[in-house]
Amino acid sequence: MNALRRHRALTRIWASDPGWKGWFTTVNHTDLGRMFLATAAFFFVVGGILAMLIRAQLATPRSAFLGPEHYNQIFTMHGTIMMFLFAIPFFEGLAVYLLPKLLGTRDLAFPRLTAYGFWCYVFGGAMMIFALLAGIAPDSGWFMYPPLSSTLGAPGINPDFWLIGITFVEISAISAAVEITVTVLRYRAPGMRLSQMPIFAWYALVTAVMILTGFPPLILGSILLELERAFGMPFFQVAAGGDALLWQHLFWLFGHPEVYIIFLPAAGAISTILPVMARTRLMGYGWIVAAAVSLAVLSFGLWVHHMFTTGIPHMGLAFFSAASTLVAVPTAVQIFAWIGTLATGSPRLHLPMLWLLAFFATFVIGGLTGVMVAIVPFDWQVHDTYFIVAHLHYVLVGGFVFPMLAALYYWMPHFTGRRTYFKLGTTAFWLVFTGFHGTFLLLHWAGLLGMRRRIDSFEPGQGWELINLIASVSGFVMAIGFALVLVDVVVNAMVAIRGSRDPWGAGTLEWAMPTPSAAYNFASLPQVSSRDPLYDTPDLPAQLARGEGYLGDPARNRRETLAIDVASAEPRQIVVFPGNTLLPIWMAAITGLFFLGMLLKTYWLVPISAVGVITCALIWVWSLGRRRPEGRLPVGRGLSLATAAEAADPPGWWGSLFLLLADGTFFGALLFGYAFLWTVAPNWPPPAYAEPGPALLLLVALGAGLALAGPRAGHWVVAVGSLLLGAAGIAALFLVPDPSAHAYDATVWVLVGYGLLHHAVCLLMIAVVAARRRAGHSAATTRGAERVSHLWSRYTALTSLVIAAAVGLPGALT
Amino acid sequence: MHPAGPAAAVIATLWWVLLIGATLIFLFVAGLFAWAWRRPAGPADVRRYVIGLGLAFPLTVLAALLAYGLVVGERLLPRAAPEVVSVTAEARQWAWRFGYDDAPGRETQGILHIPAGRPVDVAITTVDVVHSFWVPRLAGKLDAVPGHVNTLRIEAFAPGRYAGVSAEFSGPGYRAHRFEVIAHDAQGWQAFLTGETP
């Protein structure tokens, strides 16, 4: 079979449906990556237009352009859109597009999940845009502090759009994070050890794990606040045992890691692009990986630096101040390793490099002002002023947008297969760069002069007029620059001339394929033995096209790739991917109805759409089943492997493991909230604790014993255990019949609700496994599903015990 | 940036130290960058960049800075001292009500009276949403959190009028959520406490 016939055969297997229908049924990471990036770019434009409205309003004092009702919606939505609908999805899109190509595989671990996440993002984003157009958008600021964002400060529907819409969108962040983690760990090219991964994959892995541990506190906070708004469960109302500070803790427990979730992918792009631009190798690979990991760890220990002015004791602040300044260390390690990389090479001033220069100039300033605000007394002065506004834009635009533009121009030849041709990009660069600094540099000073953030206009005579006028004019210059970038990209994609395969002379695998890439990425999968395979084997692309790698034979006529062992990188399983399907978009739409039902308080819609989502999930899972084992199949290069369907640790097991990491963090955040209210909230203890009798305790002990008896005892025992624990949970609710009475009662309801939801999921899983065996599936091909089900059952039984203790102990001890 | 009280003055000094330090570091990094750019290609010592510049350099600077910040912070805390005057500030959407421990029952709306040259502890709280008490020329800010009372130490060097604002976004009336601090000389303060001036 020659290269062209192999290409045709593989294209037939992997291609999306032709025409517009393909957009809705595709599960291919190249398509979805592009769709993610385009959608995120759309939201960047929307957020940018809102920013222009803000600058138009603040250009002159006493502006009558916008009133506070509109202005408050506009700045809230500007922050919300840029953070949740642009930055995170843009990273997801880049990772979805690039990772399989960098790692030398054919798709992400769970292609349908990619599509599901994407559609959740689109539908959730559409809800937010609708709110904006209808003039009922959230208006409490992007960090939504209650009581202002609760029924007391905002009785309308506005905050509900935020709480429900953003939670809906976060499904896409969690699904992308699970996928990225499993893909990086298990789907690399054979032989590619962790220490040989492209540096971007390390950053993506760290970022994904951070999303899994950083987003759950936000999702929890949103659920609690929505429960307070919709059903009066008083988590944040001080009179009934709640505390407004709980929200601030949960929000910033997410919010600070979020900053690094945004910065780390950009750092990954810089570490990838900079050595290529300097015609050298990255300096201190191991150090950089260590720096990224320590940034991730440190970032979870400094959320309180957003709360220096909330009255926390000074020594407590000192600890968080130290942690906050400490993050400058791994950042400095990266910055100086990059400068060292430049020193070893001879840099070229192409457009991507130009954007990296902008990154350095901007981000170093943002980092230095960041150290300033980490010093507690200084923060007392500048907190909630334009100094902070300027600082965060230096960090986020300098540390994310500029590197992402470098990435855009670096990988554009890969997206389009064309050569960058016009000089428009350079003009756009100078407009954006000068416009940016013109907008934000002087705003630091305005903050020091006492200009508060979020004011809808200002009085003349305070020395702010000139600064604001310069900022507004520069802001529009920057906007014109961004518009030119957009024009440049579109023009290049459409009319530029065909470029060479590896225009920058890079060594990573994404350049070992023809561009724009084929749906299957690699005609055969490479055996990798170093960080820059293309430098070692310049002939690699031709070898792969000739089918000399793994899985070069398309005879089995299905989408196949390899899963490897995490540590040794030996190939272990053949993974068979699903084909094009409408299931993800349907499931996302029905999930959307679920959220819509909550939003519009049409509660009959909620259980109906829940059933719909479960049905979709069952169809989804059922289609993964294989009735008969196929045994070992040849994969090329003299190797034979079994499929993942026969493995004890199929990708789904790994996916469950990391989903449970996020789930466990959610649960941990819930326990944190409970302990926080107990110790800090003024109106504790509650009037009465739940006092479970001996019968209830016996039920819990018996249920947990059975549920934990595990695989040896059989499904039915586990199922009965789950049912008993569920019954105990429902009985416990009768002990605290009114969840709106006190924050304690509300917390009990949420804890028990968490347990009940998990028991329902476990029972469904057990039912699926049992149904498969009944339908005649062999023991070998249900083993993996069985282990997934046991994993969830064990987790649920253990958390149920913790819940029982958290609910029952206070009553038993007092 | 025209401090009129000891806390604001200490913070203003802190700012100038930070600005000068940050400028020097920025120039150093920029210079190093330019040097690295022009240097001909060739091997470089990883340890010098990563351990020397990446680890040792920031750790030294930050340790010094943290110690400085901690000392400043401790000095600004409301510690027990003779001469301290206690007042209360209660925020609501969008007004401030002030009370005076030295004149029980006395309340003022939107204007806080204090004696100049004496430390004043403001006990801050709120009846509705989160607000923040800030008199930029006198001291840093502290939030008003429902159900909690936070205490901020302020002091004015000289008698005069100082603008105060709420510095935590609180909805449509946020811009105009202001108050004023009037610092009296000793005589004027006694007169205020006995109810002679409004």
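The exercises below walk through selected features of a predicted model.

Residues are numbered from 1 along each chain as its sequence is written, while chains are lettered from A and ligands numbered from 1 in the order in which they are written. In this predicted model, local features need pLDDT of at least 70 and side-chain atom pairs count only at pLDDT 80 or more, whereas totals for chains, interfaces and linings use all residues; side-chain values use heavy atoms, with hydrogens and water left out.

**Exercise 1. Describe the surroundings of Ser457(A).**

Step 1. Locate the residue: Ser457(A) sits in the loop between α15 (424-448) and α16 (465-495) of chain A. Helices (H or I, at least four residues) and strands (E, at least two) are DSSP runs, numbered from the N terminus.

Step 2. Is Ser457(A) buried or exposed? Its relative accessible area is 5%, so Ser457(A) is buried. Buried means under 20% relative accessible area, exposed over 50%, and partly exposed in between (1.4 Å probe, protein chains only).

Step 3. List the contacts (heavy atoms within 4.5 Å). Leaving aside neighbours within four places in sequence, Ser457(A) touches Gln57(A), Leu58(A), Arg62(A), Ser63(A) and Arg175(B).

Step 4. Look at the partner in chain B: the side chains of Ser457(A) and Arg175(B) make a polar contact at 3.2 Å. A polar contact is a pair of N or O atoms within 3.5 Å; within protein, one must be able to donate a hydrogen and the other to accept it, and residues adjacent in sequence count only if both atoms are side-chain atoms.

**Exercise 2. Work out how β1(A) and β2(A) pair.**

Step 1. Two strands pair if DSSP finds at least two bridges between them. Strand β1 (residues 560-564) of chain A and β2(A) are antiparallel, with five bridges.

Step 2. Find a facing pair: Ile564(A) stands opposite Pro571(A) in β2(A).

Step 3. Inspect the hairpin of β1(A) and β2(A): six residues lie between the strands, and Ala569(A) takes a positive phi near 65°.

Step 4. Move on to the loop between β2 (571-576) and α19 (583-600) of chain A, where Leu582(A) lies. Leu582(A) is partly exposed, because its relative accessibility is 35%.

**Exercise 3. Describe strand β8 of chain B.**

Step 1. Which strand does β8(B) run antiparallel to? Strand β5 (residues 120-126) of chain B is joined to β8(B) by five bridges.

Step 2. Within this pairing, Thr151(B) in β8(B) has Ala123(B) opposite.

Step 3. Strand β8 (residues 150-154) of chain B is largely enclosed by the rest of the structure, because four of its five residues are buried.
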